[in-house]
Amino acid sequence: MEDLLAQAVVAAEEAEVFTVSSEGTLVQFEANRLKYLQTKQQTSVALRLIRQGRVGYATTTDIGERRNLVSNAVETAQFGMLAEFQLPASGVYSPVAVFDAGVVSVANEAMIQLGEEMVASVTAYTPGIICEAEVAKGTVSVSIRNSRGGQADYRKSYFSLGIEGSLVNDTDMLFVGESVSSCHPLSNSGAVAGAVLRQLELAKDRASVPSKSLPVVFTPGGVASALIEPLMAAFNGKTVLKGASPIGNKLGQAVFDRKFRLRDDPTVGYRPSSRPCDDEGVPSQCTTLVEEGVVTGFIYDLQTAAMAHTHSTGNGSRNHGGLPLPAPSAFVIAPGDTDFTEMVQDIKEGLVVEQLMGAGQGNVLGGDFSGNVLLGYKVENGKIVGRVKNTMVSGNIYQALKQVAAIGREAKWVDGFLQTPPIYCPGLSVASKR
Amino acid sequence: MTIKDIGQELAGVIGKCDADYVEAHLEESQTSHVVYRGRELDSIGRATAIGGNVRAMVKGGWGFVSFNDLNNLPERVALAVKQARFVGREASQLVAAEPVVATVSVEADRDPVAIPLAEKKQLMDEYNDIIWRTPEIQTSTVGYADSRKQTIFLSSAGSFIEQTRADITLRLAAVAARDGDIQQVGLSVGSRGDFSILQSYHDEVAHMAERAVVLLSAPQIKGGEYTVVLDPVLAGVFVHEAFGHLSESDFVYENERVRRIMTLGRQFGHPELNIVDTATIPGLRGSYQYDDEGMPATRTYLIREGKLVGRLHSRETAAKMNEKPTGNARAINHRYPPIVRMTNTYIEPGVVSLADMVGGIKEGIYAKNWYGGTTSMEMFTFSAGEAYMIRHGKIAEMLRPVVLTGNVFNTLENIDAIGDDLTMNQGGGCGKGGQMPLPVSNGSPHIRISRCLVGGG
């Protein structure tokens, strides 16, 4: 790594080498039975350099190709964007706990057993259900070195449990599912299966809804599938810089309901989305984005921050394999003061949405969402009465989150990148096929 | 050592394993990309990758080991076999396959990655300039990516297949803004490594940018059921999402209840409806000669004269359903095992003209272009990049983007007109099981669907 940096500095003013290595094991169940045991090893090296003021970039997974890496990066620097930023010199990183050696020593037998327990629990509750389950574990090592003396190294562990069930009755299909992840080894298969059993119980009966404006409670899964994508685009410093964020010029203004508070937080201990620094070596920080409905910040990487005349928030991400771009680490929506059951009790006629399918296919930048209720329930006179189908829920997050009826007391991690409580919207467009 | 040399050494190792079946994939790829976000070049770069995997089957269980360190491969093979043995609890079932030794060199000389970055950048500059010349454009995205990939497949049955493929995608978006309202329109095209095909989209790009501005003053439709006419691009996405995924046998083969509803011969649509998946058409992004299990590509009717007549198979699903293999096992790269995937999926053309299709509609929607699509097998949603009201048999005012949804078991029945103008769309990428975006193409003539549910504002 140091060799590569030394070679690169001969050809360029500044250089940075980013290396990530991962090893993982995955146990897969298909149709209620153990099917696959997989192990994966991957190492990749990315070289970013600044030559004649411009950014060059190349990456490889081929250890023998390192010399070409420098020449490829030099070629791209002819056309690259002007570097407005400086690579971070040696910095001080506050510790963020993301490694538990216990993950490494979990045996294959134990992982298989966890999968079997989840499948057994769900199939015992609902005969005829077909489950796919996954138990995964692994470690990721990240190293960053740059020509200004900056260096960062950390190692992360992850462990996840997930199960999806499909229940088919003639041409009617019901899909349920739950997953959890942590940097610690997980052993509580019962909690994962329990969440699925709750969904199966609530979905037992069928109900229909009229096509009109109705109150909707989004569970944490519902928030993730319906509302988050537009927020992630809108708070991205790049979107703001390009003038394509509806809230880009509303810093300090009340855009959302007073009860709505949002932050990006890569510092929560033992979360797979956490890390001590971002992919450019900038120390992690918790960034407040919305406080009592008021827009308080956006997320930035080094280059975007420099162009916007502000500082990186430590959100430089190389997730897509290219140059760093601003990306959320984990969005955290602060809990409110209302129980989920109180929200449901408050509704005369409405919906609970657990999963909205295809919601992010519309005008995401503009805040629109529109999707089919893949898993959701009808509420009548304060009680969940059954599952709805053939129903679309549509809206715009800037209207929907302007006045929310309530925010739930209990927040939950969903899909590894979002911690959110349930959110209760007083009126959204519902269209249903009769 | 080339990956071919490494493969030849490995062939001796996997032929001697104590397993029911072993296969290995080795892969070497080069890619380049040029991305603009707004007026400024955002990213330009090159990447190379190398890697491989070993997959073994013992007593019906699979072991899979992926890596990009090509040292100690015999140990990786032994690990894959050990893992398979750990999992296997029944009998291995794979449909019979003739060993194939072949070098597929159809596109071996096509290398878009080798084209100088300056040439690619110049074309992207032209497209970006066109977008920015349009008044009220707030920002743009222009994303070009190409790849060239050489793969080696070898199996314990004696197959050794070398294939080379090239791929290009171009995604553009124009974003218009007025008084805090933001609207966006996208265009997505691709080719089988032929850069010249991407050089003639200037008019489409201009039209895309103009539409983004028009959308700022377009009304939102009221949600509900409508008669919709889909253009070939959107109808291609529809057939992929609404039916294609359901015909992938890995969802069917182990699920007795799904097997019952997917019985061959079941009537799904009108007798005019024919749906095909085939990897055998040269030049399409989903095409190949051999799939990632070394099986030859085929042409498969999924629906013929409205009836379910076929489905897509891997060697394992074909064996377990006692049906003919179709050569549809694909992996996006060496990090994943092959799973059942579509290739090029389309509705065969009928006889109705667009004018006749629209002519009979009092109030409906004409939906064009692709924004996205997804499925849960029973329910699907897909979104139109462009939509217009149809009033009294004529295409009328432009609408804001619409999302359409339906249930596969009655929506195919509701297709009541099939056009005469089949067009294939090369801009798509398919996601399944974390493997995304896999090169596929979709196609259809214009089609009309009665009683389609549309999300409102």
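In strand E3 of chain B, B:Val65 is the bridge partner of A:Thr39. This bridge belongs to a parallel pairing of five bridges between strand E2 (residues 33-51) of chain A and strand E3 (residues 61-67) of chain B. Two strands are said to pair if DSSP finds at least two bridges between them; helices (H or I, at least four residues) and strands (E, at least two) are DSSP runs, numbered from the N terminus.

The model is predicted, so that local features need pLDDT of at least 70 and side-chain atom pairs count only at pLDDT 80 or more, whereas totals for chains, interfaces and linings use all residues. Residues are numbered from 1 along each chain as its sequence is written, chains are lettered from A and ligands numbered from 1 in the order in which they are written, and side-chain values use heavy atoms, with hydrogens and water left out.

**The interface of chain A and chain B**

Contact, meaning heavy atoms within 4.5 Å, involves 73 residues of chain A and 82 residues of chain B. The two chains bury about 6600 Å² between them, and carbon and sulfur atoms give 54% of this area. Buried area is the accessible area (1.4 Å probe) that two parts lose on being put together, summed over both. On the side of chain A, the residues that lose the most area to chain B are A:Phe79, A:Gln361 and A:Lys433, which together make up 11% of what that side buries.

Between chain A and chain B there are nine salt bridges, each being a side-chain nitrogen of Lys or Arg within 4 Å of a carboxyl oxygen of Asp or Glu. Strand E2 of chain A gives the most to the side of chain A that touches chain B, with 11 residues. That side divides into 26 nonpolar, 30 polar and 17 charged residues. In this classification, Ala, Val, Leu, Ile, Met, Phe, Trp, Tyr, Cys and Pro count as nonpolar, Asp, Glu, Lys and Arg as charged, and the others, Gly among them, as polar.

One of the salt bridges joins A:Arg33 to B:Glu254. This pair crosses between chains, from strand E2 of chain A to the loop between helix H5 (232-244) and helix H6 (256-261) of chain B.

**The two domains of chain A**

Chain A is divided into domain 1 (2-200) and domain 2 (205-434), with bounds that come from an automatic or database domain assignment. Their C-alpha centres lie 23 Å apart. The contact between them takes 38 residues from domain 1 and 36 residues from domain 2. About 3000 Å² is buried between the domains, 59% of it on carbon and sulfur atoms. Six salt bridges are counted between the two domains.

**Examples of salt bridges**

| Residue pair | Closest N and O atoms |
|---|---|
| B:Glu40 and A:Lys242 | 2.6 Å |
| A:Arg48 and A:Glu280 | 2.9 Å |
| A:Arg33 and B:Glu254 | 3.0 Å |

Over all chains, the count comes to 50 salt bridges.

**Backbone details**

The peptide bond from B:Met436 to B:Pro437 is cis, with omega near -5°. B:Pro437 is found in strand E22 (residues 435-439) of chain B. In chain A, A:Asp170 has a positive phi of about 50° although it is not a glycine. A:Asp170 is placed in the loop between strands E5 and E6 of chain A.
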